[in-house]
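User: I would like to learn how to read a structural model feature by feature. Could you take me through this one, giving the general idea and then the case at hand?

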Amino acid sequence: MQPKMTNHEKARVPILPWWAGGLGIGIVLLIAVALVQPIGVSTQYVVLDGVLLHALSPDLADDSPYLKEASKGWTLATYEFFFVVGIPIGAFLAAAITKRFSTRVVPPLWADRFGQAPGKRLAWSFIGGFLLLFGARFGGGCTSGHMISGVSQLAVSSFIFSAALFASAIVTARWLYPEQVKQ
Amino acid sequence: MNLLLGLLLGAAFGAILQLSGASSYTKILETLRLKDLTIMKVIMTAIGVGLIGVHGLDVLGVAHLKVKDLYLPGIVIAGLIFGMGFALTGYCPGTALAAAAEGKLDAWVTIVGGLFGAFTFAFLFPNLESFLASFGGFGPVTIHGSFGVNGLLIALPLGVLCLWGAAKLPGSGTT
């Protein structure tokens, strides 16, 4: 009999095979395109920023044409924002139902290389998150908007963004986790 | 009604990201290190289905499309910055939300960092806009548009190629 796996260990094994996951994402995209518009996530970070800032200081928020354009009417009650709110809800339910919910700060792979210290991991998570959304807004989209939706529409900008993204991510991953030099 | 649709589609998207391993730091990093290409297979399948389906819907006249503008070299710089963030965090803006909901604290911090990054961009935008506009802005160009052919003519073979490539790429268990 196999030893019982903890939620941590179970979480590392995907439930869906690759083809089912890809097909599922494709179908979500097609339903969205047929009914509303292609999927996208990163704009909603700006929308939340805009609505929060507008609640704290309406004048300052009104000063930014970019925030004003993104968070039209300073409201979160939009199809786009609710789509993004749905993501964590769906992920939580999926993890809970399949008993793969587990909390942690430092991923095991990171801990093997950089140690268990949470501060270091969280500092880089913050910096990485900053770059992620700065880049996404600069490019006008993220993995959902550019890579999935954009490439599917044969958008030239999305092919270039995706190529640059992977080139840079692969180099950065190599820099973080250098290959062992074989003797 | 539209809000409910958004919530349901988003929830389906989040659940699939979770169940296919796309919200896992380890799976993403193993893909970027070219050790385990499972997530690459997922993405290529999604794009293959998307290419064929989106242009199929377009032929039927029921597709709501939104093509993003091309501006060089801005889009390349943006992709490079995004890629660094992707490898450092192991998440993208969407999967960070899924991972946060699974109890991954580094994903919460990634989201907070992201809110600051988006905020910074929003206030730098008036300055960046002139920089972007001064270079090559090409508008929302598509591959089939520049050749002047129907999208399905390119999307169908390219979509099949993506699906074939997804099947051929090695998955987990191979290094």
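Predicted model: local features only at pLDDT ≥ 70, side-chain atom pairs only at ≥ 80, totals over all residues.

User: Which domains does the assignment give for chain A, and how far apart are their centres?

Analyst: The domain assignment gives domain 1 (1-101) and domain 2 (107-183), and their C-alpha centres lie 18 Å apart. Nine residues from domain 1 of chain A and eleven residues from domain 2 of chain A take part in the contact. On the domain 1 side, the elements that give two or more residues are helix 2 (18-35) and helix 3 (43-56) of chain A, and that side is made up of seven nonpolar, two polar and no charged residues.

User: How should I describe the interface between the two chains?

Analyst: The size of an interface is often given as the accessible area lost when the parts come together. Here the description rests on residue contacts instead, with 108 residues of chain A in contact with 107 residues of chain B. Several helices of chain A each supply at least two residues to its side, among them helix 2, helix 3, helix 6 and helix 10, but the largest share, 18 residues, comes from helix 8 of chain A. By class, the chain A side has 73 nonpolar, 28 polar and seven charged residues.

User: How is a pair of packed helices read, and what is a case across the interface?

Analyst: Two packed helices are described by the angle between their axes and the distance between the axes. Helix 6 (residues 79-97) of chain A packs against helix 5 (residues 93-101) of chain B at an angle of about 40°, with the axes 7 Å apart, and that angle makes the helix of chain A oblique to the helix of chain B. The crossing of helix 6 of chain A with helix 5 of chain B is right-handed. From helix 6 of chain A, A:Val84, A:Ile87, A:Pro88, A:Ala91 and A:Phe92 meet B:Gly94, B:Leu97, B:Ala98, B:Ala100 and B:Ala101 in helix 5 of chain B; these contact residues divide into nine nonpolar, one polar and no charged.

User: Within chain A, at what angle do helix 9 and helix 10 cross, and which residues meet there?

Analyst: Helix 9 (residues 143-152) and helix 10 (residues 156-176) of chain A cross at roughly 140°, their axes coming within 8 Å, and the crossing is left-handed. A:His146, A:Met147, A:Gly150 and A:Val151 in helix 9 meet A:Ser157, A:Ser158, A:Phe159, A:Phe161 and A:Ser162 in helix 10, a contact with four nonpolar, five polar and no charged residues.

User: Why is helix 2 of chain B described as largely enclosed by the rest of the structure?

Analyst: The reasoning is a count: seven of the eight residues of helix 2 (residues 25-32) of chain B are buried, so the helix is largely enclosed by the rest of the structure. The buried residues include B:Lys27 and B:Glu30 as well as B:Ile28 and B:Leu29, and they pack against helix 7 (108-114) and helix 10 of chain A together with helix 3 (38-60) and helix 4 (74-89) of chain B. Helix 2 of chain B is followed by B:Leu34, whose phi is positive, near 60°.

User: Finally, is B:Lys168 buried or exposed?

Analyst: A residue with 12 or fewer other C-beta atoms within 10 Å of its own counts as exposed, and B:Lys168, with 9, is therefore exposed.

Note on methods. Residues numbered from 1 in each chain as written. Chains lettered and ligands numbered in written order. Axes fitted to C-alpha atoms, helices over the stretch in contact; angles between N-to-C directions. Helix = DSSP H or I, 4+ residues; strand = E, 2+ residues; numbered from the N terminus. Parallel < 35°, antiparallel > 145°, perpendicular 65-115°, else oblique. Left-handed = near helix turned anticlockwise from the far one by under 90°. Contact = placed C-beta atoms within 7 Å. Nonpolar A, V, L, I, M, F, W, Y, C, P; charged D, E, K, R; others polar. Domains from an automatic or database assignment. Buried ≥ 20, exposed ≤ 12 C-beta atoms within 10 Å, placed from the backbone.
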